[in-house]
Amino acid sequence: MTDASDIPIRVRPEIAALPPYKQGRQAGGDAFKLSSNENPFDPLPGVVEAIRSATAVNRYPDASAARLRERLAERFGVASDEVHIGAGSVSILAQLILATSGPGDEVIYAWRSFEAYPWLAVVAGATAVEVPLAEGARHDLPAMVAAITERTRSIIVCSPNNPTGPIVTQAEFDAFIAQVPSDVLVILDEAYAEFVTDPDAVDGLLVLGNATYPNVVVLRTFSKAFGLAGLRVGYAVGHKRILDAARSTSIPLSVTAQAEVAALASLDAEEELLDRVRAIAERRDQLVAALRDAGWRVPDAQGNFVWLPTGDETLTAAQAFDEAGIIVRPFAGDGIRISVGEAESVEKVLRIAASLVSHLP
Ligand code: PMP
């Protein structure tokens, strides 16, 4: 092919400078893949059966995933047009940013947080406004309020925060939302909500029940607690007008029939799946306690992952995990995120982390 530099297509400069999404290394051999916050349990037989039954692959799926929308609407006591389904909650995040924010507009989020936030702001042509996390790797909501300008179109709040782990409390969120102008969209990203055990954590669905704040949209996913990461299905709950705007920017028909039926079958098996979630949350709490005993300053962990603040030693420490058969997610110069996976992998993580602690800041 022609040398790429000769091609006169005018790619937007900010896109030309944007590296594509990079996935953590895939597991090979007997390595444990703890780099993507996946659910370590195999899919339930009933869920696999539901996927197998969706055989009409020559037909397009139902564009609005109406059955799943209605099921979730019933579950949350909202109207079905107050629920929106996407090919993963990250798709809905993209739709909401595109719908609200263009060139010159500002998107505020905490940093460090989910890597898709800066990426989606750039794709929309908007300006990313990053507000550093406070002590304990927690959201600094007062600083996020202080960052609001007349160009702010959306604010993303991630609870529990990926990759550091802490939640935002309900009291913190209530104080925050009362100060956000009503024309600024607040996206409450609760991808890990089901793993939360802290009773003080914000609950997006309670917030939505409060009619005072129709500018809040809650994002949840079937990827984590429900173990459907490979099928790509997530949802938003919020005001119809906001979700209609997301629907208008969505790529049509991206939620497959298989994803929809698998999500429905997962809701049928919710109790069993939530038992697994409880087991992961218990493993997480044991891991955090043991890491702290070993001398690590691990922030509160309320998702299905823990954060090791490895600072400048991050890449070396990640390499040590890798060599021992544990694939983690390093964030150079900052820390390492480790998903809570199989029981054996948790024991191994602890052994490696304990051996590393003396070399670290
Ligand atoms: N939000 C957060 C905070 C996440 O960590 C993730 C996945 N890593 C997502 C959203 C997106 O998940 P999905 O698209 O699989 O629903």
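The protein chain of this predicted model is assigned two domains: domain 1 covers 24–43 + 271–359, and domain 2 covers 45–268. Taken over C-alpha atoms, the centres of domain 1 and domain 2 lie 25 Å apart. Where they touch, domain 1 contributes 23 residues and domain 2 contributes 25 residues.

Let's look at the side of domain 1 that touches domain 2. Three elements each supply at least two residues there: α11 (270–293), β9 (305–308) and β11 (329–331). Of these, α11 gives the most, with 5 residues. By class, this side of domain 1 has 13 nonpolar, 5 polar and 5 charged residues.

Helix α11 also has a partner in α13 (residues 343–356): their axes come within 10 Å and cross at roughly 15 degrees. An angle under 35 degrees counts as roughly parallel, so α11 is roughly parallel to α13. The crossing of the two helices is right-handed. Here is who takes part in the contact:

| Helix | Residues in the contact |
|---|---|
| α11 | R283, L287, A290 and L291 |
| α13 | A343, V346, V349, L350 and A353 |

Sorted by class, the contact of α11 with α13 has 8 nonpolar residues, no polar ones and 1 charged residue.

The model scores ipTM 0.99 and pTM 0.96.

Key. Residues numbered from 1 in each chain as written. Predicted model: local features only at pLDDT ≥ 70, side-chain atom pairs only at ≥ 80, totals over all residues. Domains from an automatic or database assignment. Contact = placed C-beta atoms within 7 Å. Helix = DSSP H or I, 4+ residues; strand = E, 2+ residues; numbered from the N terminus. Nonpolar A, V, L, I, M, F, W, Y, C, P; charged D, E, K, R; others polar. Axes fitted to C-alpha atoms, helices over the stretch in contact; angles between N-to-C directions. Parallel < 35°, antiparallel > 145°, perpendicular 65-115°, else oblique. Left-handed = near helix turned anticlockwise from the far one by under 90°.
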